[in-house]
Amino acid sequence: MFKIDEDTIKDWSIDRIINLLGDGTLADNSECSKEFRNYLTSRNIETLERHINECVSNEDKNQKGFILQDIVNELGNRLDYSVEHGLYRGSSSSPGYDGLWKFEDSDIIVEVKSVSHYVIDFDKTLGKYKTHLEEQGRISKNSSNLIVVYDGDTKIWEQQINGTSYLYSTRIISVKWLVKLVKLKTKKTDD
């Protein structure tokens, strides 16, 4: 892993940074992913925010989602959650939740989306993830879900959630508000 100060990378693209790590491809259990996650832990919040905005405009749709997923999990770390990174690509035997955040008695299954213009099948995603993690004894029955979206109108998802078993256990937040929470926490800590 390379160590580069913020001033040196201020004009570097996120793709350039990732290309310097491992084989340059984010994949489950890859050296590139491990190095990228380590890289994120050493960046200031402004750099993370720049990377968030840049990755959404990234043409490589696979990398874009993976980048955003890892940055959101780093934001969870900065909010003092114990974060377990999920899979980039799930399978029937290993569901692909994006992150599992834990704090004291709180378990949160995190799902990250870059856009909000499509319908989510909550039973096939959040429901499946929760069942799988409960069966493994990794979360409590009182766990909750957090959908983190980069941008867009979430009314479709809110309407989907209303009247379902997910109503009281699922919340939606934008990445921008998650960044603001981290900034507030950092400011409070610094004060």
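Twenty residues line the largest pocket, and Gly 65, Asp 98, Val 112, Lys 113 and Tyr 118 lie nearest its centre. In this predicted model, the largest pocket has a volume of about 400 Å³. Two elements, helix H5 (61–78) and strand E3, each give two or more residues to the lining. Helix H5 gives the most, with seven residues.

Lys 113, one of the residues nearest the pocket centre, belongs to strand E3. Its relative accessible area is 15%, which is under the 20% limit, so Lys 113 is classed as buried. The side chain of Lys 113 makes a polar contact of 3.0 Å with the side chain of Glu 111. Beyond its neighbours within four places in sequence, Lys 113 is in contact with Leu 68, Tyr 118, Ile 120, Ile 147, Val 148, Val 149, Tyr 150 and Trp 157.

Asp 107 is also placed in strand E3, which spans residues 106–113. With a relative accessibility of 9%, Asp 107 counts as buried. Its side chain reaches the backbone nitrogen of Ser 140 at 2.8 Å. When neighbours within four places in sequence are left aside, the contacts of Asp 107 are Trp 101, Lys 102, Ile 139, Ser 140, Ser 143 and Ser 144. Burial extends over most of the strand, since seven of the eight residues of E3 are buried.

Strand E3 pairs with two other strands. With E2, the pairing is antiparallel and comprises five bridges; within it, Trp 101 has Ile 108 of E3 as its bridge partner. The hairpin of E2 and E3 has two residues between the strands, and Glu 104 in this hairpin adopts a positive phi near 50 degrees. With E4, strand E3 runs parallel, and six bridges join the two.

The path from E3 to E4 involves helix H6, and the three elements make a right-handed β-α-β unit. Helix H6 covers residues 123–135, and its buried residues are Thr 125, Leu 126, Gly 127, Tyr 129, His 132 and Leu 133. These buried residues pack against strands E2 (99–103), E3, E4 and E5. An α-helix has 3.6 residues a turn, so residues three or four places apart point the same way. After H6 comes Gly 137, which has a positive phi near 75 degrees.

Strand E4 (residues 144–149) pairs in turn with strand E5 (residues 170–174), in the parallel sense and over five bridges. In this pairing, Val 148 stands opposite Ile 173 of E5. The chain passes from E4 through helix H7 (residues 155–161) to E5 in a right-handed β-α-β crossover. Val 148 is also among the residues in contact with Lys 113.

Helix H5, the main contributor to the pocket lining, also contains Leu 75. The relative accessible area of Leu 75 is 0%, and the residue is therefore buried. Leu 75 touches Ile 45, Leu 48, Ile 52, Val 175, Leu 178, Val 179 and Val 182, residues up to four places away in sequence not being counted. The C-alpha atoms of Leu 75 and Lys 183 are separated by 10.0 Å, although the two residues are 108 residues apart along the chain.

Notes:
Residues numbered from 1 in each chain as written. Predicted model: local features only at pLDDT ≥ 70, side-chain atom pairs only at ≥ 80, totals over all residues. Heavy atoms only, no water. Helix = DSSP H or I, 4+ residues; strand = E, 2+ residues; numbered from the N terminus. Buried < 20%, exposed > 50% of the residue type's maximum accessible area, 1.4 Å probe, protein only. Polar contact = N/O pair within 3.5 Å; in protein donor to acceptor, adjacent residues only side chain to side chain. Contact = heavy atoms within 4.5 Å. Pairing = 2+ DSSP bridges. Right-handed = clockwise from strand over helix to strand, strands pointing away. 1 Å grid on protein atoms, 1.4 Å probe; cavity = no way out; pocket = protein on both sides within 12 Å on 5 of 7 lines; lining within 4 Å. Points joined across faces, edges and corners; volume = space filled by probe spheres on them.
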